[in-house]
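This report looks at aromatic ring pairs and a charged surface patch. The structure comes next.

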Amino acid sequence: MRARPEAVLAVVAAGTVAVAGLWWAHTPAVAGLDGWLTNAGRVTGLLAGYAIAVLLALMARVPALERGVGADRLTRWHSMGGRYVVGLSVAHMLLITWGYAVTEHTDVVRETVTLNLTYPDVLKATVALLLLVGVGVVSARRIRPKLRYETWFHLHFYTYLATWLAFGHQLATGEEFIGDRPAQVAWYALYLGVAALLVWYRFLTPVRLALRHRLRVARVVREAPGVVSVHVTGRRLDRLRAEPGQFFRWRFLTRDLWWSPNPYSLSAPPRNGELRITVKDLGDQSRSLAGLRPGTRVLAEGPYGALTGRARRARKVLLVAGGIGITPLRALFEALPAAPGDLTLLYRARDAGDLVLRAELEEIAATRGATLHYCVGPRALVGDPFRPETLAALVPGLRDHEAYVCGPDGMTTTVVAALRAAGVPRRRVHHESFEF
């Protein structure tokens with residue numbers, strides 16, 4: 001089962017309307033400045049509570065969402081929605097406090113102190129807000145790249161605590177829920193349903209898969225300076241139904257690596273009871289993989305991602321890779337059905353040493369009669385290789401191709417825009433970022 005992005009957004013929108021309707025049903029009239037402020041605070045609070053449940057559901061690693069919508073798109077939705085949650089939560093606090101201050105004929109600062117010291121559930125909400133703001137700050141575009149992936153990942157667990165505190169606050173003080181049993185049941189169903197998804201798919205499923213497949217490191221192969229391929233074997237791997245282009249979240253059970261799952265794409269189609277990932281040294285965790293010993297146990301969550309051949313509509317295929325983004329496209333380069341001359345790979349790298357798996361790519365191209373282009377060098381020397389006219393010159397009949405793009409965010413954005421400008425329909429452009 002694969003969820004369609006349009007259907008997911010429609011369900012989220014319907015829930016938003018229902019939440020707004022809940023406020024409307026409990027608000028016979030609004031009068032005075034204090035009434036307008038307080039009710040605006042009620043609406044923003046309800047929407048924030050609903051939105052945080054949606055965000056957690058999007059990142060619960062539900063297979064239907066991961067395979068249908070794609071992890072990359074889900075991550076973008078989560079990032080955008082997180083900004084809305086923080087904004088709505090801050091607005092809720094300010095509006096409610098301001099409205100109460102107007103009612104009590106006092107100032108906002110004094111009312112803030114009174115609310116937090118007098119009502120324990122308000123203090124819980126304040127703590128929840130501070131946690132959400134903190135998570136939002138470390139996820140900001142200027143700060144996130146400065147943090148290790150593992151640090152950023154574990155700081156996000158405070159979102160669970162913030163959600164639990166906010167949930168109790170809303171049920172205890174929200175006018176929409178006091179005395180309204182159906183509304184309480186609906187809110188409980190929403191949060192308990194999301195909690196069930198998180199427990200099942202993020203915690204229990206990896207353990208279940210580990211017991212079923214007994215994954216272990218078979219060998220580690222050095223591909224280039226700072227780049228290794230990790231070969232993983234196990235039992236009944238065909239039952240994973242992994243496809244070229246997809247990725248797993250890997251947890252290698254060593255003293256230094258067990259506590260943090262990291263997303264790595266398959267760099268070759270699954271075969272002979274073996275999975276392979278190829279990893280570049282981009283941090284402490286990825287650097288440590290070079291020292292893995294054969295026999296190391298592995299937990300793998302997945303497969304995830306929608307960058308597969310299932311979405312293909314056209315006969316001809318173009319693959320565009322940048323840097324280590326070659327890994328899922330290398331698997332597709334080998335596996336996608338295509339007649340000789342109908343498959344093209346463009347590979348962008350800063351220098352020849354960054355061309356990962358080059359020998360394999362050239363062998364696949366020769367065997368399949370595919371076209372392989374390298375674009376190597378600093379941008380100041382090679383210019384912009386992804387202009388629409390450049391792509392059209394390299395790939396005859398470009399607008400008739402199915403395009404798959406994977407690389408750094410900036411490159412991916414540029415390539416997608418160039419493909420669209422060159423006439424490739426949006427529905428035939430598929431992209432996924434490896435930067436989470």
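Rings of Phe, Tyr and Trp (its six-membered ring) count as a pair if their centres lie within 6.5 Å; planes under 30 degrees apart are stacked, over 60 edge-to-face, and the rest tilted. Ring pairs link Phe167, Phe177, Trp187, Tyr188 and Tyr191 into a cluster.

The model is predicted: local features need pLDDT of at least 70, side-chain atom pairs count only at pLDDT 80 or more, and totals for chains, interfaces and linings use all residues. Residues are numbered from 1 along each chain as its sequence is written, and side-chain values use heavy atoms, with hydrogens and water left out.

**Aromatic pairs**

The whole structure holds 10 aromatic pairs. Two of them are tabulated.

| Pair | Geometry | Centre to centre | Angle between planes |
|---|---|---|---|
| Trp23 and Trp24 | edge-to-face | 6.0 Å | 65° |
| Phe248 and Trp250 | tilted | 5.2 Å | 50° |

Buried means under 20% relative accessible area, exposed over 50%, and partly exposed in between (1.4 Å probe, protein chains only). Trp23 is buried at 17%, whereas Trp24 is exposed at 63%. Phe248 is buried at 0%. Trp250 is buried, also at 0%.

**Charged patch**

Patch residues have over 30% relative accessible area and no salt bridge, with like charges joined within 9 Å. A salt bridge puts a side-chain nitrogen of Lys or Arg within 4 Å of a carboxyl oxygen of Asp or Glu. Arg214, Arg216, Arg235, Arg236, Arg239 and Arg297 form a positive surface patch. Arg235 sits in the loop between strand S2 (227-233) and strand S3 (247-252); strands are DSSP runs (E, at least two residues), numbered from the N terminus. Arg235 is partly exposed, at 40% relative accessibility.

Notes. Patch = residues over 30% accessible without salt bridge, like charges linked within 9 Å, V, L, I, M, F, W, Y side chains within 5 Å. Areas by Shrake-Rupley, 256 points an atom, 1.4 Å probe, with all protein chains shown as cover. Lys, Arg positive; Asp, Glu negative; His and termini not counted. Charge placed at Lys NZ, Arg CZ, Asp CG, Glu CD. Helix = DSSP H or I, 4+ residues; strand = E, 2+ residues; numbered from the N terminus.
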